[in-house]
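Thanks for coming. I will show one structure and talk through a few parts of it.

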Amino acid sequence: MTLNALPAEDLRSSAALYRTVLDETRGGGGALWLLQDDAAMDERALLPLILTEAWDNNLVVFSSNPDHVRKGALFSLYPDNAGMGRSLRRWRASGCRAACPATPISSR
């Protein structure tokens, strides 16, 4: 498996990159991961095009946006950041102090 991260600065460059990826993956056998980035995804114009092409060409689409599943993406990966924070706090409080040194975390 190869992961190709393709950076897009705006919606126009994103649309061009998606078109290239969709053209290169015709015939299936690939997967496309849609990140949760409003600047790179137009859900009214670009998302339907991507999903239609994917379904027509046996391309798996998964997304970081749970709403995309209702629109046709296969599944969504979306972290529960608050839950992970609570879990880490409990783990830290439960005695990991000897095993893990305190490291200050800065918030920017």
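Which residues are buried in α2? Before the answer, some ground rules. This is a predicted model, in which local features need pLDDT of at least 70 and side-chain atom pairs count only at pLDDT 80 or more, while totals for chains, interfaces and linings use all residues. Residues are numbered from 1 along each chain as its sequence is written, and side-chain values use heavy atoms, with hydrogens and water left out.

Helices are DSSP runs of H or I with at least four residues, strands are runs of E with at least two, and both are numbered from the N terminus. Buried means under 20% relative accessible area, exposed over 50%, and partly exposed in between, with a 1.4 Å probe and protein chains only.

Now the answer: L46, L47, I50, L51, E53 and A54 are buried in α2. Seen down the axis of α2, these buried residues fall within an arc of 165° (taken from the directions from the helix axis to the C-beta atoms), so they line one face of the helix. On the other side of α2, W55 and D56 are exposed.

What do the buried residues of α2 pack against? They pack against α1, β1, β2 and α3.

Take E53, which sits in α2, residues 46-56. E53 counts as buried because its relative accessible area is 16%. Beyond its neighbours within four places in sequence, E53 is in contact (heavy atoms within 4.5 Å) with R19, L22 and R26.

Last, just after α2, N58 has a positive phi of about 55°.
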